[in-house]
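Hi,

Here is the structure I promised to pass on. My notes on it follow below.

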Amino acid sequence: MLNDLAQKGRQEFFPGQVIRAEVVPGTADFRFTCDNGVVLLVQVISDKIVRFRYSTDGYFAPDFSYAFEGGAPLRQPTSMLEFVEKDDHYRLTTGRVICIVGKESLHIRLLNRSGIVLLEYEKGFHWEYDWDSGNDIVKMSQQVQPGVHYYGLGDKPANMNLRGQRFCNWGSDTYGYEKGSDPLYKNIPFFLGLHQKLAYGLFFDNSFKSYFDFAAERADVTSFWAHGGEMNFYFIYGPTLTEVTQDYTKCLTGTPELPPLWALGYHQCKWSYYPEKLFKGIGAEFRKRRIPCDALYLDIDYMDGYRCFTWHPEHFPEPKKMVQELAQDGFKTIVIIDPGIKIDPNYPVWQEGFEQGHYCRRADGPLMKGSVWPGLCHFPDFTSPRVREWWAGLFQGLIEDVGVRGVWNDMNEPAVFEKGTFPDDVRFNYDGHPASHKKAHNVYGMQMARATNEGVKRFSYPRRPFTITRSTYAGGQRYSSGWTGDNIASWEHLWLANIQCQRLSISGFSFIGSDVGGFINTPDGELYVRWVALAAFHPFFRTHSSGDHGDQEPWSFGEEFADLARHFIELRYRLLPVMYTAFWQYVQHGTPILRPLAFLDQSDPQTYQRMAEFGVGDHLLVCPITQAGVDGRWMYLPRGKWYYWWTDEQKDGGAEVWAPAGLERIPVYVRAGAVVPARPVMQYTDEHPVTELALHVYHLEGQETSTLFDDGGEGYGYQNGEATVRTFTTTGTVMSLKVQQHTEGDWAPSWRTYRVVLHGLPVTAEQLTVTVDGAAVPVRLAPSATGGQELPQLTVPADFQELMIQTTAPAKK
């Protein structure tokens, strides 16, 4: 028998001939059994989502995955479902896709209803037996369709288009990573394909170490495989790239709750701010310089000997008083919590975890030990519901008693000094499905973030929680925001931050940002300002640096750069309604907040390889400056008409344009017809109520819609309808522009008026006649907040229904 197994371990095996095909009674499941015992279970999740599960021995493990809120995907009604047998294959048809299952070796083809082949197996499913672990190494290879492009896969620091590249998912503490470093911290086995201008996605739901080869080894084959578990993947049909990400996020892995509005403000962090006098002094300097900031962070040195849930008795003798004083000045305090619990019989957290059996064990019974910041530690098994409940309860002191507003999870890949991570034989509960570290490693950080979020939410209520994690798995967006890890103060890393945040956003994880300015080493003022300008358009906006590399506050590089940093941070605060609305779209529909150029116009092949430009929400296009000493850059505009944010210069899309951008600018374009809402600048998001909102309206010849969501930015009333969704429809001709507002919901905003700023009108203010709901209103010229030029402006009631603008003179040539 041993010889048989050894021989088996050196072979690749394939499905045989299908001998039986059956519909599982009462379901939309189809089971195909081969003559060598291999079974394929095809499950129709929706008209556009089809799941494929393979068993090499005819038996399936209980259906459970952390990727889903309830452990398994929710089914959706299908508009049609047809299953027929042909001579050499079976055909399964839904309202949107056709799945062909070959009788020989379970060869699969997936087509849309027009008959276009989207995906077809090459070798298809096959496997090896791994003698050392007893697992199957499960493999899938598929043909590369002509002209196909690949996107997604989480935080990979590589070109946006994945074709020709190979990657591994095995969460790793990768200090000072570079372009091409792999693997990194996050494990999101989801990618998108674009073929013949049609998009689809594949989600390989397997938490073992996995690999993805996008035509790197063989130019005509894309493959993925894992060192254990099932070959279990979901095919998601678009036909647009945005729809694929929406369905992966909303229909499969889930979306988060809305964050508090302040979490979308500016955050300041360093390893480490201490003692208390220095920490409070950072806040005082922000307010003195009038640089907006909502959150200040405490890294590991706030603790007593790096013991989680403690305070250093000398550095922070009165934490509650300190946090309250900072809160009175608008600052929310965020603290770091790592998974390693110092082995110390006099440390109540360790003692409680030890006595209640909450720590991970090795195969033969000893507790897992590893060295991290506190020294030798034990590590909670966050895959156990009982442990997560215990962990959540530990946050009462920090959140409820002291008043901390958020928690930052680090080192949760899990990372161990010198060893990298846990040994393979460490055992986990895995929510009642016992597993080794081979299976649990890639979900450890996600489950820590889950337990942390449960605790912060419990003791923050009725306010919303805020958490941030370094490591995660597919679906981890339900529990936490994230950042891109230990980057470097370099122009290359500014370029990488742009790519990584876009890639994570289209991989379902939109609440993402980078350490502004770089964590390692120190940027000069120019690099720092360019990074602030980019990060002002990322959902998570935080400067963070390593304390042994110099200061990295906005004023650390001299007054010129401090003024420029303030300028871009203020821009972020003005555009918070845009970011908050985009976040609401993400929560409601799974729409990525950051959208690569291919997502904006996938019918234009010019967008497929580009990666610098990205959309924020529905109507802004951003392209960062990622080189030193330049005063602008070339960038590509999607088809349509666009306005340069800073000058209102109009450009036709479908072409490259030169965007002039000295240090006081970042290239930003606005889609014609957009209504862009803007708040007044505040030093923190809830400094005082907004009494008037600006609406920047951009002229077009045609029609466009824009959305504004508001619910006050705090609490859970929005889940019960206490919110408003305002839809603005702009309709324009050469001689007129009409703006109609439609409002849903009962939320009463603090503002009672809009200041409407008109952009791109071909005549002067004196040549305009404006009515609001039939009544004439005066128009004035005033400087625009976007670039200082004088533009026609008017004040209208916040509940207006129709704004009509007509010219009284011929349009300018």
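C251 counts as partly exposed because its relative accessibility is 22% (buried is under 20% relative accessible area, exposed over 50%, partly exposed in between, using a 1.4 Å probe and protein chains only). Its sulfur sits 19 Å from the closest cysteine sulfur, in C99, so the gap is too far for a bond. C293 is not in a disulfide either, with the nearest cysteine sulfur, that of C269, 11 Å away. A search of the whole structure turns up zero disulfides, meaning pairs of cysteine sulfur atoms within 2.5 Å.

Before you go further: this is a predicted model, where local features need pLDDT of at least 70 and side-chain atom pairs count only at pLDDT 80 or more, while totals for chains, interfaces and linings use all residues. Residues are numbered from 1 along each chain as its sequence is written, and side-chain values use heavy atoms, leaving out hydrogens and water.

Now the helices (DSSP runs of H or I, at least four residues, numbered from the N terminus). The axes of α10 (residues 525-535) and α11 (residues 559-574) come within 9 Å and cross at roughly 5°; axes are lines fitted to C-alpha atoms over the stretch in contact, with angles from 0 to 180 degrees between N-to-C directions. That makes α10 roughly parallel to α11 (angles under 35 degrees). Residues making the contact (heavy atoms within 4.5 Å) include Y528 and V532 of α10 and F561 and F568 of α11.

Cheers

Note on methods:
Helix = DSSP H or I, 4+ residues; strand = E, 2+ residues; numbered from the N terminus. Parallel < 35°, antiparallel > 145°, perpendicular 65-115°, else oblique.
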